[in-house]
Amino acid sequence: KHNRAKLWEKEMTSNDLIQRLQKVRKSYQSMNTYKVKFQGTINQQHNPHELLCQLKHRVNLTTLKSSDLPDSARFWSQYLPNKDIHEVVGKLRQCAVVSSAGSLKGSRLGQEIDSHDAVLRFNAAPTKEFEIDVGSKTTFRLINSQVVTRVDHHFLENRIYKDMILIMWDPAPYDADIYQIMNRSLSLCSFYHKSQLPLPSNISLSLTRTRWYKKPEFKFFEPYRKYRIANPKQPFYILKPQTLWQLWNIIQENSPELIQPNPPSSGSIGILLMMNICDEVNVYEFLPSLRRTDRCYYFKPYFDSACTFGAYHPLIYEKNVFKKLNLGTKEDVYKKGKVTLSGLRQCLP
Ligand code: C5P
C-alpha cells in the first residue's frame, strides 16, 4: 500500500543515488578539501546500543570558551559565553529537531512539534506563516558560519535569530586536532615531548584553535563580535570544530563504503546536540516520510534532490546511522518522517 520507492527501507549506498549525485560524491573524494586521513575501518556493524555509546564517548559536543583560544584571538573570543552550553541549559526531557525539508510542507505537524519541551531548528528556516506544518516554538537554532557571514542573510538585523539559543559551527581541517608546534607553546610542547608524557588535551586543544581561528571556512569573527555586542544577553555558542570530525569518523566507520570527506550536515550535528541535552529526541523529516519530494525546503520553491540525499555532505550515510537508532515505528516514519531517539544518557555509564 505504500510507494516503497519513496521510503528509506534499507541502508542506502551510492548505488541508490542518481548519476549526478554519484559523480558529485566522487569529485568531493578526489578534492578532499579538509585533508581527511581516515585511519579507522569502514563497514563496522555496531548494534544500536554500541552506536549510541560511541556517539556518547567519542564525540565531545561542547562549546568554545575564551580560554580555549590563544590570546591573539581575544578580539573576538572575549565575547564567547563564559560557560559551556550544557552548564547553562542543563537537562531537558523531550526535544524536537525539525529538518528544513520540503516534505514538511502540508505535514500539519506543528502542534506535535510545539508540544516538546524544546525545539531545535536550522539556519534560516522560518516558522512565521508555516506554523501549521512546523510549529512556532524555537528554543535552539543551529547555524553554520555562512549564515553569519553572508550579507543576504542579514544576520545582525533579522528577527528570526532573536529570542533563542544560537549555536554556530564552522569546519576546520580534519587533522586540526593533531597538534602543531607553535612559537607560543613551543616550550610546553617540547617539555611534554622530552618527558614522553601525553600532551594534555587542554594544550592540544588550544593549539588546534590557533590554526582554525586563523583560517575558518567563513570569516565569522567580526559578525560574531558585532552580534554579541548588540545582543549581549542572548546565549550564542560556537561548537568546537573537532566535534564535526569526531562525528564524521563514526559515520564513516558505520558506512559500507567511503563517504564524502566533508563535514556532516547541520541536521546530524543538531540531532546529536539534542541527544546530549535531552532524554528523548523526536526528529522530523530527516528520514523522509511518504511526502518525500525533490523540493529542498518547506519555505521556498527550490528543487534539488541533493538536499535530501546529499552532495557536499555525506547525508545518506548520516541518515543510515540515525535510522539504525530509531526507537519509533515504521508508521511514524511513513506518515510523519518521525524518528525517535533516546538521549545519550541511556548509554551507561
Ligand atoms: O540546508 P540546511 O543545512 O539549512 O538544512 C538543515 C538540515 O535539514 C540539513 O543539514 C539536512 O540535514 C536536513 N535536510 C534534509 N532534507 C532536505 C533539506 C534539509 O534532510 N530536503
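Around the ligand sit 15 residues, the closest being Asn 123, Ser 265, Cys 296, Tyr 297 and Lys 319; a residue counts as near if one of its heavy atoms lies within 4 Å. Keep in mind that this is a predicted model, in which local features need pLDDT of at least 70, side-chain atom pairs count only at pLDDT 80 or more, and totals for chains, interfaces and linings use all residues. Residues are numbered from 1 along each chain as its sequence is written, and side-chain values use heavy atoms, with hydrogens and water left out.

By class, this shell has seven nonpolar, seven polar and one charged residue. Here Ala, Val, Leu, Ile, Met, Phe, Trp, Tyr, Cys and Pro are nonpolar, Asp, Glu, Lys and Arg are charged, and the others, Gly among them, are polar.

Now look at the polar contacts (pairs of N or O atoms within 3.5 Å). A polar backbone atom of Gly 267 is 3.1 Å from a ligand oxygen. Two further pairs involve ligand nitrogen: a backbone N or O atom of Cys 307 at 3.2 Å, and a side-chain N or O atom of Thr 308 at 3.1 Å. The protein buries 91% of the 450 Å² that the ligand exposes when taken alone (Shrake-Rupley areas with a 1.4 Å probe).

The ligand sits in the largest pocket, meaning that more than half of its atoms lie within 2 Å of the pocket's grid points. A pocket is an open set of points on a 1 Å grid over the protein atoms alone, with protein on both sides within 12 Å along at least five of seven lines; a cavity is a set where a 1.4 Å probe fits but cannot get out, and lining residues have an atom within 4 Å of a point.

This pocket has a volume of about 1,100 Å³, the space filled by probe spheres set on the points. It is lined by 39 residues, with Asn 123, Asn 144, Cys 296, Tyr 297 and His 313 closest to its centre. The lining comprises 18 nonpolar, 14 polar and seven charged residues.

Finally, the structure holds one cavity of 30 Å³ or more.

Notes. A polar contact is a pair of N or O atoms within 3.5 Å; within protein, one must be able to donate a hydrogen and the other to accept it, and residues adjacent in sequence count only if both atoms are side-chain atoms.
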